[in-house]
Amino acid sequence: MKIVVIGNAGQLSYELVRILGEDTICLGPEDTDITKFDVLSETLSQLAPDVIINAAAYTAVDKAEEEQELCHAINATAVENLAKYCKKAGAFVVHVSTDYVFNGHKGSPYLPSDPIEPQGAYGKTKADGEKALLDILPEASCLIRTAWVYSAHGNNFVKTMLKLMADKPQLTVIDDQIGTPTWAKGLADACVSAAKNKTVGVYHWTDEGVASWYDFALAIQELGLEKGLLESAIPVLPIPSSQYPTPAKRPHYSVLDKQSAREAFATCNPTHWRKQLSSMMDELKAAQ
């Protein structure tokens, strides 16, 4: 089975290559233009993949409010192009989406079948991408929604917190946005399972458990001290979202129900986010 990854610079593509092997073909902006169907189709036709994993996305949530056209091109138009190519070529696609397609008001874990109601440009473009995929290629696609992704590679909340905790006398972190941190390695495992088994449907995948950003930050500091990534503790104080206004609205509650994914990706066992965080921070320590 020939698997091609779309995206070559992000956290997910980095982990996918670690699982699939160094010779995995990852297409970046220098290789093709995913926002133009003719260009993308020509590139993929030469490679003739059996399965495509789309790990490319515009994820700068606040900047998306200013760059809506670019955000839509990458998060929606490109997904439509991939779906059209796969329909024509008989290929399967695994596409990754986000908790931001929900409004965050439910108060209990979101099911894959729950209605979506994105609140900002990022979420709306991801929702448009979902719709295009499911309209064009429902019989040969796997849509996986995830949340709060981090990795030892790239920029993310964990690495930002470690840097701030080393540089600042104290930090304030939002405590009224609730979700689940997700190590990109576990998400990559689920994507590879979906690709190899051509698992059709809409699924949710995050690590296990629930946290606020404040809870997440406290765990980062505790494990950072334990592993020698931080020299000393600083005060970390909880604040409400109202005290930290951002251009984009964020869902207050976006825990995702993973029951159907546990069954569909049977070889992948969701692990509690704190244990996953510890494993990722071991990688950071080893890389020092």
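**Close-up views of paired strands and aromatic rings**

View 1. The model is predicted, with local features needing pLDDT of at least 70 and side-chain atom pairs 80 or more, whereas totals for chains, interfaces and linings use all residues. Residues are numbered from 1 along each chain as its sequence is written, and side-chain values use heavy atoms, without hydrogens and water. Strand β5 covers residues 141-146 and strand β10 residues 201-204, and the two pair in the parallel sense over four bridges (pairing needs at least two DSSP bridges; strands are DSSP E runs of at least two residues and helices H or I runs of at least four, numbered from the N terminus).

**View 2. Strand β5 also pairs with β4, in the parallel sense and over six bridges.** Along this pairing, His95 stands opposite Leu143 of β5, and Val96 has Ile144 of β5 as its bridge partner. Six of the six residues of β5 are buried, so this strand is largely enclosed by the rest of the structure (buried means under 20% relative accessible area with a 1.4 Å probe, protein chains only). Ser141, Leu143 and Arg145 point one way from β5, while Cys142, Ile144 and Thr146 point the other way, and all are buried.

**View 3. Strand β4 is joined to strand β3 (residues 51-54) by four bridges, and these strands run parallel.** Within this pairing, Ile53 has Val94 of β4 as its bridge partner. Because seven of the seven residues of β4 are buried, the strand is largely enclosed by the rest of the structure. Phe92, Val94, Val96 and Thr98 point one way from β4, whereas Val93, His95 and Ser97 point the other way, and all of them are buried.

**View 4. The structure holds eleven aromatic pairs, and one of them joins Tyr100 to Tyr122** (rings of Phe, Tyr and Trp, the last by its six-membered ring, pair with centres within 6.5 Å; planes under 30 degrees apart are stacked, over 60 edge-to-face, the rest tilted). The rings of Tyr100 and Tyr122 lie edge-to-face, with 5.3 Å from centre to centre and 75° between the planes. This pair links distant parts of the chain, 22 residues apart, for Tyr100 is in the loop between β4 (92-98) and α4 (121-136), and Tyr122 is in helix α4. Tyr100, at 15% relative accessibility, counts as buried, and Tyr122 is buried with a relative accessible area of 8%.

**View 5. Trp148, Tyr150, Phe157, Trp213, Phe216 and Trp273 form one aromatic cluster.** Three of the residues in this cluster, Trp148, Trp213 and Trp273, are tryptophans.

Conventions:
Buried means under 20% relative accessible area, exposed over 50%, partly exposed in between (1.4 Å probe, protein chains only).
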